[in-house]
Amino acid sequence: MNSRVILVSDDRSSLRSPDTLLWPDAACMRGIHTGEWTAHIFEYAMSFEGNMTQVRELAAANGVGVLHPHGALATDPPSLIVCDVDSTVTRTEAIDLLAECAGNADEVREITARAMVGELDFTQSLYARVRCLEGLHIGALEEAWKATVITPGTAELVAAAHDVGAAVGLVSGGFTAIVDPLAEQIRADFAASNELEIVDNHLTGRVVGDIIDRAAKATWLRRWASERGVALERTIALGDGANDLDMFAIAGLPIAFCAKPVAVEAARNTIRCERIDTVRAVWAH
């Protein structure tokens with residue numbers, strides 16, 4: 001088979017309408033039902049020539065995600081999956097959790113929201129938000145980690161990736177105090193994030209070293225792919241906002257997960273239910 005289109009949802013009945021657009025030319029269709037989510041995988045003997053715009057619009061109207069892998073990923077599993085963290089691998093934003101501790105939650109959330117839809121430059125917005133944390137005791141980092149909500153299906157996705165020999169990396173504009181223990185808990189293979197400066201057990205309101213911004217995310221994806229000897233066409237990138245667009249541009253399959261419109265438009269592959277392990281439908285057999 002040379003092409004496949006995958007519909008994914010946590011509501012089985014929602015697949016019926018978009019299914020009708022994919023049936024006529026399909027060589028075969030297979031269904032996966034895990035109890036938590038359902039995927040319908042349509043396979044084509046040739047490159048799918050249907051109206052993907054119409055498929056995506058009808059799927060979106062029904063809350064259904066659409067994945068359309070090309071090249072190597074149309075037939076083979078990925079070799080590397082790189083995930084954003086805040087609002088992707090977690091349902092929380094680390095900076096917002098820390099801002100709650102600092103008493104600056106509303107101000108920081110407003111800056112975060114504007115950055116994620118592309119209204120503000122990420123690096124400048126990060127500096128502005130981190131300044132709001134000046135003087136915060138390091139105990140707040142542990143509190144923020146304990147309050148972090150991991151996205152359902154994360155451990156299952158990592159395990160499924162490892163089962164087919166793929167590595168998993170976390171790359172985040174968030175902070176090592178959250179991302180490093182998260183990576184250890186879910187058994188991710190790589191992690192890169194920003195480091196908060198600490199002096200005398202208090203945050204200084206500054207970041208140490210280079211910033212993980214949208215360009216850096218793409219750099220880390222390339223670096224990890226190179227370290228593993230993986231072609232970029234065999235990589236998957238997952239994210240939810242404007243800060244993920246550069247890694248979307250180079251990945252073999254960019255996926256917007258429960259994402260902002262700017263990420264959906266860039267990736268064109270979507271997951272709309274809060275089960276991140278639906279990604280494994282890409283290589284399901």
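Which domains each give at least three residues to the lining of the second largest pocket? That was my opening note today, and I kept in mind that the model is predicted.

**Entry 1: the second largest pocket**

I looked up the domains and found that domain 1 (3-68) and domain 2 (80-91 + 150-197 + 209-282) each contribute at least three lining residues. For the volume of this second largest pocket I noted about 150 Å³. I counted 13 residues in its lining, and those nearest the centre are Arg-56, Glu-57, Val-264, Arg-268 and Arg-272.

Next I checked the helices. Helix H2 (52-61) and helix H12 (261-267) each bring at least two residues to this lining, and H2 gives the most, with 6 residues. Sorting the lining by class, I wrote down 6 nonpolar, 2 polar and 5 charged residues.

**Entry 2: the largest pocket**

I then turned to the largest pocket, whose volume is about 190 Å³. Its lining has 15 residues, and I marked Ala-192, Ser-193, Asp-210, Ile-212 and Trp-220 as those nearest the centre.

Which element supplies the largest share of this lining? I found that S7 does, with 5 residues. Strand S7 spans 190-199, and along with helix H9 (176-186) and helix H10 (214-228) it is listed in my notes as supplying at least two lining residues.

How does the lining of the largest pocket divide by class? I recorded 7 nonpolar, 4 polar and 4 charged residues.

Methods: Residues are numbered from 1 along each chain as its sequence is written. This is a predicted model: local features need pLDDT of at least 70, side-chain atom pairs count only at pLDDT 80 or more; totals for chains, interfaces and linings use all residues. Side-chain values use heavy atoms; hydrogens and water are left out. On a 1 Å grid over the protein atoms alone, a cavity is a set of points where a 1.4 Å probe fits but cannot get out, and a pocket is an open set with protein on both sides within 12 Å along at least five of seven lines; lining residues have an atom within 4 Å of a point. Grid points are joined across faces, edges and corners, and a volume is the space filled by probe spheres set on the points. Helices (H or I, at least four residues) and strands (E, at least two) are DSSP runs, numbered from the N terminus. Ala, Val, Leu, Ile, Met, Phe, Trp, Tyr, Cys and Pro count as nonpolar, Asp, Glu, Lys and Arg as charged, and the others, Gly among them, as polar. Domain bounds come from an automatic or database domain assignment.
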